[in-house]
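Hello,

Here is the structure I promised to pass on to you.

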Amino acid sequence: MLTLEQIRDVTFRKAKFGGYMPEDVNDFIDEVLASYESLLQNNAELVRKLEILAKKVEEYREDEESIRTAVLSAQKLGDA
């Protein structure tokens, strides 16, 4: 995967005849860089949210086990 620095620092050889206008290439690279930067920020935010959700799921699992134990104890007490 390309890094932001690789995109920012890319250079192209000049064509002897014709070729692409350097300004157009640079403008496109700037657009790609902005899009890539946005994707990286979105990815970081999603990873952060995923970590929060994973922690919550773990908390719920621990609570579930406590509730299950309490219900079993109540059933045993009710049976006795």
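Below are my notes, going from the whole chain to single side chains.

First, some ground rules: this is a predicted model, so local features need pLDDT of at least 70 and side-chain atom pairs count only at pLDDT 80 or more, while totals for chains, interfaces and linings use all residues. Residues are numbered from 1 along each chain as its sequence is written, and side-chain values use heavy atoms, with hydrogens and water left out.

The overall picture

The chain has 2 helices and 0 strands; helices (H or I, at least four residues) and strands (E, at least two) are DSSP runs, numbered from the N terminus. With a radius of gyration of 28 Å, well over the 12 Å that the globule rule gives for 80 residues, the chain is more spread out than a compact globule. That radius is taken over C-alpha atoms, and the globule rule is 2.2 Å times the number of residues to the power 0.38. The C-alpha trace spans about 95 × 15 × 15 Å along its principal axes. For a sense of distance, arginine 13 and arginine 61 are 48 residues apart in sequence, and their C-alpha atoms are 58 Å apart in space.

Of the 80 residues, 8% count as buried. Here buried means under 20% relative accessible area, exposed over 50%, and partly exposed in between (1.4 Å probe, protein chains only). Accessible areas come from the Shrake-Rupley method with a 1.4 Å probe; for residues, only the protein chains shown count as cover.

Charges and salt bridges

There are 11 positive and 17 negative side chains, with the centres of the two sets 3 Å apart. Lys and Arg count as positive and Asp and Glu as negative, leaving out His and the chain ends; each charge is placed at NZ of Lys, CZ of Arg, CG of Asp or CD of Glu.

The structure holds 4 salt bridges, a salt bridge being a side-chain nitrogen of Lys or Arg within 4 Å of a carboxyl oxygen of Asp or Glu. One of them pairs glutamate 45 with arginine 48, the closest N and O atoms being 2.6 Å apart. Both residues lie in helix H2, 3 residues apart, about one turn of the helix. Glutamate 45 is partly exposed at 32% relative accessibility, and arginine 48 is partly exposed at 40%.

Further along, arginine 68 forms a salt bridge with glutamate 64, at 3.3 Å between the closest N and O atoms. These two are 4 residues apart in helix H2, about one turn. Arginine 68 also meets glutamate 65 in a salt bridge (3.4 Å, N to O). Glutamate 64 is partly exposed at 42% relative accessibility, arginine 68 is partly exposed at 42%, and glutamate 65 is partly exposed at 42%.

An acidic patch

Glu23, Asp24, Asp27, Asp30 and Glu31 gather in a patch of negative charge on the surface. Patches are made of residues with over 30% relative accessible area and no salt bridge, with like charges joined within 9 Å and nonpolar side chains (Val, Leu, Ile, Met, Phe, Trp, Tyr) within 5 Å. Glutamate 31 sits in helix H2 (residues 22–79) and counts as exposed, at 53% relative accessibility. Arginine 61 lies in helix H2 and counts as exposed at 52%.

Best wishes
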